[in-house]
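Please read the following points with the model open beside you, and look up each residue as it comes up.

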Amino acid sequence: MIATAAAVAFVVFSCKGKLAEADSLNIKEVPVQTVDNMFIVQTKNGRIQMRSEAPVMERYERDTLSYELFPEGFFVYGYTDDEDLETEIVADKARHMKYKDGREIWEAYGNVVITNFLKGERMETDTLYWDREEGRIFTHCLVRMYSPSGY
């Protein structure tokens, strides 16, 4: 009986600190989902179109917006209809925002490099945005472009 009372007291005492810690968390700052070693393949008619990889993906939910963060890097590989690797996008960090009105914006930060293997072109910048609805890619940062022709 004394052992049982001691066990109950131990559980109550040890959980008491954890409950106070849980009460202090701001639920809006905690991801609703975390994925380690994310690997996604998008196909159409059995042919690979795109592949995405990230060491960590964190999903957050808000009233008007949900978004995924990729705090440890993000890698995207685009393929031709013949499944040849055409494009690679690499960034130190990324964010994918989905608004309740249907808009989607991708943001890539830190050492952003886009390589088009078929054209032999490469673009480097610090920040890159892609508005999916408008089909527009843009940045407000310095951009370095490399191509076989030099233009």
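**Notes on the core, one loop and the aromatic rings**

1. Please keep in mind that this is a predicted model. Thr-80 is found in the loop between β4 and β5 (85-91), and, leaving aside neighbours within four places in sequence, Thr-80 is in contact with Ile-48, Glu-86 and Leu-118.

2. Asp-81 also has its place in the loop between β4 and β5, but Asp-81 counts as exposed, at 66% relative accessibility, since the limit for that word is over 50%. The C-alpha atom of Asp-81 is separated by 8.0 Å from that of Ile-48, although these two residues are 33 residues apart along the chain.

3. The largest nonpolar core is made up of eight residues, namely Met-38, Ala-54, Met-57, Phe-70, Phe-74, Val-76, Ala-94 and Trp-106. The elements that give two or more residues to this core are β2 (47-61) and β4 (74-79). There is also a second, separate core of six residues, which includes Val-112, Ile-114, Met-123 and Leu-128.

4. Ala-94, a member of the largest core, touches Glu-68, Leu-69, Phe-70, Phe-74, Glu-107 and Ala-108 when residues up to four places away in sequence are not counted.

5. The count of aromatic pairs comes to five. One of them joins Phe-70 and Phe-74, a tilted pair with 4.4 Å from centre to centre and 45 degrees between the planes. Phe-70 counts as buried at 3% relative accessibility, and Phe-74 is buried as well, with a relative accessible area of 7%.

6. Why is the pair of Phe-74 and Trp-106 stacked? The ring centres of Phe-74 and Trp-106 are 5.2 Å apart and the planes are at 25 degrees, so the pair is stacked, given that planes under 30 degrees apart count as such. Because Phe-74 lies in strand β4 and Trp-106 in strand β7 (residues 104-116), this pair ties together parts that are 32 residues apart in sequence. Ring pairs link Phe-70, Phe-74 and Trp-106 into a cluster.

7. The charged end of Arg-51 sits over the ring of Tyr-77, at 4.1 Å from its centre, while the charged end of Arg-103 sits over the ring of Tyr-99, at 4.0 Å from its centre.

Key: Residues are numbered from 1 along each chain as its sequence is written. This is a predicted model: local features need pLDDT of at least 70, side-chain atom pairs count only at pLDDT 80 or more; totals for chains, interfaces and linings use all residues. Side-chain values use heavy atoms; hydrogens and water are left out. A nonpolar core is a set of buried Ala, Val, Leu, Ile, Met, Phe, Trp, Tyr and Cys residues joined through side-chain atoms within 4.5 Å. Buried means under 20% relative accessible area, exposed over 50%, partly exposed in between (1.4 Å probe, protein chains only). Helices (H or I, at least four residues) and strands (E, at least two) are DSSP runs, numbered from the N terminus. Contact means heavy atoms within 4.5 Å. Rings of Phe, Tyr and Trp (its six-membered ring) pair if their centres lie within 6.5 Å; planes under 30 degrees apart count as stacked, over 60 as edge-to-face and the rest as tilted. A charge sits over a ring if NZ of Lys or CZ of Arg is within 6 Å of the ring centre and within 35 degrees of the ring normal.
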